[in-house]
Amino acid sequence: MGDDWLSRRARAAEQAVPGGFDLSECVREPIHLLGGVQSYGTLLAVDAATGLVDTAAANTGPLLGVPAEDLVGGPVTRVVGPDDWQEALEATSGADAPSAALPVTAGTGSSRGTFDLSVHRSGELLVLEFEPRDERQAFLFSGFYQGVRRALARLRSASTVTDGCRTAVKEIRSLTGFDRVVAYRFDGPDGPGEVVAEEVTEAWEPWLGLWFPATDIPPQARRLYQDNWIRVITDVDDPTVRLHPQVRQSTGRPLDLSGAALRTVSEFHLEYLRNIRVRSSMSVSVMREGRLWGLIACHGADPKVLAPEVRSACELFGAAFSLQLAAIEERERADGFARSGARAGAVAELLDADVEASLLRHEEAFRGLTNADGVALARSGRLVTAGLPLPDRLASELGRRAALMTPGTVWATDRLPELLADTDTDTGADADSHSPSDREVERGPIAEPDGVAGLLMVSLGRSGEFLAWTRAERPMPREWAADPASPVRVGPRGERLTPRGSGAVFRSVMRGRSLPWTAQDQSAALEMWRLLTGLVLRHANELGRLNDELRMINVDLDSFAHAAAHDLKEPLRGISNAATFTLEDAADGLDATSVRRLETMQRLAGRMDELLNSLLHYARLGRGGVQRTDVPLDDVVDAALEVAGPRLADEHVTVLRPATLGRVRADPDRLYEILVNLLVNAAKYAADRPDRTVEIAVATVPTQDGPGREQAVLVRDNGIGIPPGRQSEVFDLFRRLHGPAEYGGGTGVGLAVVKRIVERHGGRIWLESEPGQGASFYFTLGDPGPAASGSA
């Protein structure tokens with residue numbers, strides 16, 4: 001792809017948007033109200049209460065056999081069967097109902113055919129999107145499912161954000177076949193974006209490391225990316241199909257297509273895609289704490305229609321990637337807490353009664369705690385600084401902000417000059433989320449080179465006292481895919497979008513920023529505040545705040561996993577139903593191979609449904625509390641044996657237990673679930689020997705952190721055992737050490753559930769085992785521990 005090709009492409013892009021190019025118009029454009037759809041499918045908007053068509057795409061004639069003008073105002077059952085319409089209503093019923101996907105036979109006469117029907121609610125309307133299904137490209141779910149499963153497994157093994165991004169782009173490209181797939185991370189909610197990972201064909205130029213102006217993705221586009229996980233553009237040269245009527249009579253506005261997969265594309269964005277030599281594209285949103293973190297952007301040189309199953313898989317992958325990012329950041333924060341605590345404690349030991357004087361004597365240790373250039377302490381009306389000078393104006397501003405913050409709140413920014421210039425900044429935020437415009441980033445300096453550009457502060461009290469660390473400006477080079485100050489250029493037809501790409505790299509130096517503060521830096525500041533207060537009550541309050549924060553993070557992750565798994569069941573049901581209907585309707589006309597494949601689809605769909613049910617159950621464990629009561633352990637064992645006993649009897653396993661097991665303080669329902677899982681596990685993995693046993697007892701074991709002793713519940717079997725090197729794996733979610741059909745099968749969730757319940761009680765679980773010698777599972781139930789009597 002040479003310069004001549006690029007010139008032709010740029011000229012074609014200029015001709016696509018009539019008149020001059022106004023960036024402010026692009027930002028204001030209502031891209032959800034463009035009044036059209038992509039032509040590879042068609043759309044109907046139907047009044048959910050009456051079943052009458054409100055709006056129709058102009059291509060319903062060739063695709064469904066009835067012109068749009070004739071459909072509007074009439075019943076939708078003219079082109080959709082009553083049963084399918086009823087199923088669409090039921091699938092999207094209820095508040096905040098998700099979209100649904102259904103395989104249907106629709107249309108009339110010679111246009112009657114098989115479609116993938118996507119359905120979602122838009123106010124009082126039910127929006128139906130029809131995509132013709134190409135039966136010549138039958139979707140082989142068995143092979144695709146295994147590919148998705150392997151992709152998710154690889155993603156789960158990523159230990160850093162960079163590793164996760166690299167895995168994500170590689171797996172998405174493998175699933176879709178696009179020519180370029182990049183992970184694109186935003187610098188703040190309104191800032192520019194950087195390509196942090198890339199998989200690209202050799203014929204295309206690399207983008208890795210390039211920055212793209214914030215104006216490339218305007219605010220209204222970011223909002224839609226935040227509301228919709230996936231956006232697909234099949235062909236930039238696609239002739240948009242207009243809607244009839246163009247303006248709805250009830251609202252005086254075009255139909256809102258915010259949730260429509262077929263939504264047409266802004267001419268501004270089409271010009272942008274043509275300028276970067278792209279014919280088809282897909283974007284998958286990456287979310288973090290409910291906000292748009294970035295995108296997985298896919299580009300193709302040719303038109304590409306993705307099957308709904310592929311889109312659903314990519315949507316699932318985007319959700320899993322977002323969860324993995326959250327898990328990585330949570331782990332980094334937890335590691336930061338652990339490491340910074342010891343370091344802060346060592347620095348705090350250097351303090352004496354005269355805190356200010358000892359800080360000056362040991363200022364290098366204080367600065368080294370967060371790798372800072374300066375440190376400042378404002379206390380009792382006195383300001384002490386060391387290292388990088390703190391201007392009086394800045395010290396006064398920090399005191400004002402500290403007085404508005406809750407004591408112990410950490411506030412950090414790596415772009416202080418920009419933040420102080422913004423009068424709308426929220427002074428009570430835990431961390432800075434302000435992002436400069438491209439003009440601010442590239443047109444500096446904003447601060448003097450030796451001035452304070454980064455600040456990490458913790459409030460010591462409502463009177464404006466604070467402890468702060470400062471960092472000097474660190475000019476940072478950036479390579480842009482286009483000059484961020486000139487995202488448009490003057491062409492033969494006026495202002496046009498500037499082409500993007502590494503062939504036109506714009507190099508610049510970002511000013512007014514410091515090195516960013518890490519989670520470990522912030523946790524060190526927080527720990528130093530705790531040590532400075534020196535009061536047990538303050539220490540308890542801080543631990544409570546941190547526990548609340550971690551608890552909220554876990555609640556958010558549990559809610560996200562629950563919602564993601566629940567929403568995935570609808571397309572899965574559609575896949576299973578499609579296979580079932582095909583087998584029932586065309587059984588006599590199918591060859592043995594086709595029947596076997598359809599049955600495989602049914603079996604694997606059922607398998608995935610089991611996995612999703614397990615995930616939902618696992619998520620619910622994190623959403624509910626633990627209700628402890630004084631429970632006779634014998635009663636819970638009896639109840640568990642009512643469920644697990646027949647399985648143990650089938651495997652000829654004898655249950656051994658003492659005369660009495662005593663009492664424990666636990667949630668009886670959750671304890672019952674622990675014992676059922678451990679007993680069923682023992683039945684599954686019983687050895688091929690005549691004296692098969694499983695023993696339930698209470699054992700006295702060493703405490704985890706000291707020389708003391710505590711009581712644990714023991715479930716011991718003499719089954720096949722577990723190799724020492726793989727014992728930790730058995731508690732991982734969806735992890736089985738054997739094949740899916742071996743030893744009674746299963747989803748690999750049981751022991752993960754057991755571990756989570758034990759940890760919800762504040763206890764711990766571990767095992768002792770040797771291959772061929774059985775396995776002993778021990779678990780405690782936290783404080784108060786099991787108040788039980790008996791012997792192992």
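Valine 698 is found in strand S26, where strands (E, at least two residues) and helices (H or I, at least four) are DSSP runs numbered from the N terminus. Because its relative accessibility is 3%, valine 698 counts as buried; buried means under 20% relative accessible area, exposed over 50% and partly exposed in between, with a 1.4 Å probe and protein chains only. The C-alpha atoms of valine 698 and threonine 780 are separated by 9.9 Å, although the two residues lie 82 residues apart along the chain.

This is a predicted model, in which local features need pLDDT of at least 70 and side-chain atom pairs count only at pLDDT 80 or more, while totals for chains, interfaces and linings use all residues. Residues are numbered from 1 along each chain as its sequence is written, and side-chain values use heavy atoms, with hydrogens and water left out.

A nonpolar core is a set of buried Ala, Val, Leu, Ile, Met, Phe, Trp, Tyr and Cys residues joined through side-chain atoms within 4.5 Å. The largest one has 40 residues, and those with the most contacts inside it are Leu633, Leu648, Leu671, Leu675, Leu679, Phe777 and Phe779. Helix H20 provides the largest share of this core, 8 residues. Leucine 675 touches Leu633, Val636, Val637, Ala640, Val715 and Phe779, not counting residues up to four places away in sequence; contact here means heavy atoms within 4.5 Å. A second, separate core of 27 residues includes Ala151, Phe178, Ile230 and Cys298.

The axes of H20 and H21 come within 9 Å and cross at roughly 150 degrees, where axes are lines fitted to C-alpha atoms, for helices over the stretch in contact, and angles run from 0 to 180 degrees between N-to-C directions. In this pair, Arg670, Glu673, Ile674, Asn677, Leu678 and Asn681 of H20 meet Gly750, Leu751, Val753, Val754, Ile757 and Val758 of H21.

Elsewhere, 5 strands form an open sheet in the order S15-S14-S18-S17-S16, with antiparallel pairing; two strands pair if DSSP finds at least two bridges between them. The edge strands, S15 (382–387) and S16 (410–413), each pair on one side only, and the twist averages 15 degrees from one strand to the next.

| Helix | Strands touched | Angle with S17 |
|---|---|---|
| H13 (residues 392–404) | S15, S16, S17 and S18 | about 35 degrees |
| H16 (residues 519–533) | S16, S17 and S18 | about 40 degrees |

Within the sheet, S18 is largely enclosed by the rest of the structure, because 7 of its 7 residues are buried. Both faces of S18 are covered, with Phe466, Ala468, Thr470 and Ala472 buried on one side and Leu467, Trp469 and Arg471 buried on the other. Strand S14 (residues 374–379) pairs with S18 (residues 466–472) in the antiparallel sense over 5 bridges; alanine 378 has phenylalanine 466 in S18 as its bridge partner, and leucine 377 has leucine 467. The antiparallel pairing of S17 and S18 runs over 7 bridges, and methionine 457 stands opposite alanine 468 in S18. The hairpin of S17 and S18 has 6 residues between the strands, and in it glycine 464 takes a positive phi near 95 degrees.
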